[in-house]
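Subject: Structure for you to look at

Hello,

Here is the structure I said I would pass on. My notes on it follow below the view.

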Amino acid sequence: MIIHHGCSVIAREYRAKNEDMPTLKLARIMYSENKLSFSNIEHARTTLRYIEGKKGKSKAMLTKKVLKSNFYKTEERPRNPYNLPKSDETAFEPFVFKGHKRILILSDIHVPYHSIDAITAALQYAKKSKPDALLLNGDTIDCHKLSRFIKDPKKRNFKLELDTFKALFEVFEKELKCKIYFKLGNHEERYEHFLFEKASELVGIEEFEFENIIKARARGIEIIGEKRPMQLNNLWGIHGHEYVGGISAPVNPARGLFLKAKVSTFQGHNHQTSEHTEPTLTGKMVTTWSLGCLSELHPAYMPLNKWNHGFAEIDLDSNGEDFEFNNKRIFKGKIL
């Protein structure tokens, strides 16, 4: 369909007065008010798409006038045909891992209450397997003094925890030489909760945002926050606190995760190594995993528990779908 200059002028006038109106709705109005200029509604719609650079198979086919126009749009216009009031709704999208073949996952380190033996075992394994990315899957830092629970005055303060994390990050960076991701767990969220309750005037100031505090001590690290699930090919990952009420584990954490997620997923949080597999009615196999921790196993607040040390490693196929998940237990510093 040929777009005449006069039609383009009309389309620009209508679009300038109705920036957020859906294209089809605006085309109907244009046609009803300018039937001598447009042969039908589709003609009006095509003209609107033309001035926004949406008509044509490639950007190369667009004229310079269209590309330089204020009407040129690279993204779809938000749909709001009934002119509803502006919403504060936020987008909730997964964090998608791209460009990696092998990812090491270390969960629940709880600096400064980390297990040197367990982390050493995981590092020795990784130096042989050579992952190209490291995922710190939540609760890397304990944030003990920021907790709403009763604090032990003998425990290290938040500054010393951050100093210890910085030293640990430098070890990971030196020994693994790979991209490092830092997912926020429920313990890291203690910082934000502390600000909300004790120092709300500082909320929103960049220097006091947890993400920037971490980046200042770990150059090049990438933060995964806002309880975002992670996607690694057809595998999904969470820390474990994202579901309201947590993951129920009457049999083991992996089965509890299966009942929540319904897709192949891994999590930390429960400090237990477990696996659960079930086939679907369509014959698809769904497996969920929970990871062991890399922290002390018998803290004063819960000396008797079901915890164990562990970590995991994922191999991602280049087809963007398949994966291999290796869940490792550690016992007395040795990988089982």
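Thr287 sits in strand 10, which covers residues 285–290. Please keep in mind that this is a predicted model. The relative accessible area of Thr287 is 11%, and residues under 20% are classed as buried, so Thr287 counts as buried. Apart from neighbours within four places in sequence, Thr287 is in contact with Val263, Ser264 and Thr265, and also with Glu275, His276 and Thr277.

The second residue I looked at is Leu136, in strand 3 (residues 133–137). Leu136 is buried because its relative accessibility is 0%, and the cut-off is under 20%. With neighbours within four places in sequence again set aside, the contacts of Leu136 are Leu106, Ile109, Phe165, Phe172, Ile180, Tyr181, Phe182 and Lys183. Ile10 is a separate matter: its C-alpha is 55 Å from that of Leu136, and the two residues are 126 apart in sequence.

The largest pocket holds about 590 Å³ of space. Its lining is made up of 24 residues, and the closest to the pocket centre are Asp142, His187, Arg190, Pro299 and Tyr301. What classes of residue make up the lining of the largest pocket? Nine are polar, eight are nonpolar and seven are charged.

That is what I have for now.

Regards

Notes
Residues numbered from 1 in each chain as written. Predicted model: local features only at pLDDT ≥ 70, side-chain atom pairs only at ≥ 80, totals over all residues. Heavy atoms only, no water. 1 Å grid on protein atoms, 1.4 Å probe; cavity = no way out; pocket = protein on both sides within 12 Å on 5 of 7 lines; lining within 4 Å. Points joined across faces, edges and corners; volume = space filled by probe spheres on them. Nonpolar A, V, L, I, M, F, W, Y, C, P; charged D, E, K, R; others polar. Helix = DSSP H or I, 4+ residues; strand = E, 2+ residues; numbered from the N terminus. Buried < 20%, exposed > 50% of the residue type's maximum accessible area, 1.4 Å probe, protein only. Contact = heavy atoms within 4.5 Å.
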